[in-house]
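These are my notebook entries on one protein chain. I set down what I looked up, entry by entry.

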Amino acid sequence: RRLSSGINAEYGESQLKILVRPMYSSPALNGARIAGTVLTDEALYAQWLKDVKGMADRIISMRSALKAGLEREGSTLNWDHLTNQIGMFCFTGMNPQQVERLINDYSVYLTKDGRVSIAGVSSRNVDYLANAMHNVTK
């Protein structure tokens, strides 16, 4: 029978939800098994720590490069918060209008409250981002 409308559609949708819910609510064991292997093997654990440190250092360097880029662009604003914060995301301090300009004029996407993913910033795009942020905040 067709499930495009009516009681049959509601029944079909209900059955599909029953089938997929465990897939989203209870993730596969693969990730836990991988983590268990890495955390209990001395060599793998050492490599994991090295990789995590490398990722953290890259994020720190991108924060510094973004701040330096804004200063090179001639921004007179205080961007210390870029390097004082930690983690993969950064609150830029930009208002919703500035964020909208970044999105519309520069195709730089961030949340409306000005939070940007530093993990998405690279040595290839940091100068473009600095230029865009300077232009919308001056």
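Entry 1: terms and overall fold. Before counting, I noted that helices (H or I, at least four residues) and strands (E, at least two) are DSSP runs, numbered from the N terminus. I also noted that the model is a predicted one. I then looked up the secondary structure of the protein chain and found six helices and two strands. Along the sequence these elements follow the pattern α-α-α-α-β-α-β-α. The radius of gyration of the protein chain is 23 Å, well over the 14 Å that the globule rule gives for 138 residues, so the chain is more spread out than a compact globule.

Entry 2: dimensions, surface and contacts. I looked up the span of the C-alpha trace along its principal axes, which is about 65 × 50 × 20 Å. The protein chain exposes about 9900 Å², and carbon and sulfur atoms supply 58% of that area. Of the 138 residues in the chain, 25% are buried. I next took the contacts between residues at least 6 apart in sequence; 56% of them join residues at least 24 apart.

Entry 3: the largest pocket. Which residues line the largest pocket? I listed Met 55, Ala 56, Ile 59, Ile 60, Arg 63, Ser 64, Thr 83, Gln 85, Ile 86, Gly 87, Met 88 and Ala 119. The volume of this pocket is about 180 Å³. Helix 3, residues 42–73, gives the largest share of the lining, with six residues. Sorted by class, the lining holds seven nonpolar, four polar and one charged residues.

Entry 4: Lys 67. I stayed with helix 3, where Lys 67 is found. Is Lys 67 buried or exposed? Buried means under 20% relative accessible area. Lys 67 has 17% relative accessibility, and therefore counts as buried. Leaving aside residues up to four places away in sequence, I found that Lys 67 touches Trp 79, Asp 80, Leu 82 and Thr 83.

Entry 5: Glu 73. Glu 73 also has its place in helix 3. Its relative accessible area is 32%, so I recorded Glu 73 as partly exposed. Which residues does Glu 73 touch, not counting those up to four places away in sequence? They are Ala 130, Asn 131 and His 134. I also looked up the separation of the C-alpha atoms of Glu 73 and Met 133, which is 9.6 Å. These two residues are 60 residues apart along the chain.

Entry 6: Gln 15. I turned to helix 1, residues 6–25, where Gln 15 has its place. At 32% relative accessibility, Gln 15 counts as partly exposed. Gln 15 and Thr 37 are 22 residues apart along the chain, and I found their C-alpha atoms separated by 37 Å.

Entry 7: Ser 107. Where is Ser 107 found? I located Ser 107 in the loop between helix 5 (96–106) and strand 2 (115–117). Most residues other than glycine have a negative phi. Phi of Ser 107, however, is near 55°, a positive value in a residue other than glycine. With a relative accessible area of 49%, Ser 107 is partly exposed. I noted the cut-off here, since exposed means over 50%.

Technical notes. Residues numbered from 1 in each chain as written. Predicted model: local features only at pLDDT ≥ 70, side-chain atom pairs only at ≥ 80, totals over all residues. Heavy atoms only, no water. 1 Å grid on protein atoms, 1.4 Å probe; cavity = no way out; pocket = protein on both sides within 12 Å on 5 of 7 lines; lining within 4 Å. Points joined across faces, edges and corners; volume = space filled by probe spheres on them. Nonpolar A, V, L, I, M, F, W, Y, C, P; charged D, E, K, R; others polar. Rg over C-alpha atoms; globule rule 2.2 N^0.38 Å. Buried < 20%, exposed > 50% of the residue type's maximum accessible area, 1.4 Å probe, protein only. Contact = heavy atoms within 4.5 Å. Areas by Shrake-Rupley, 256 points an atom, 1.4 Å probe, with all protein chains shown as cover.
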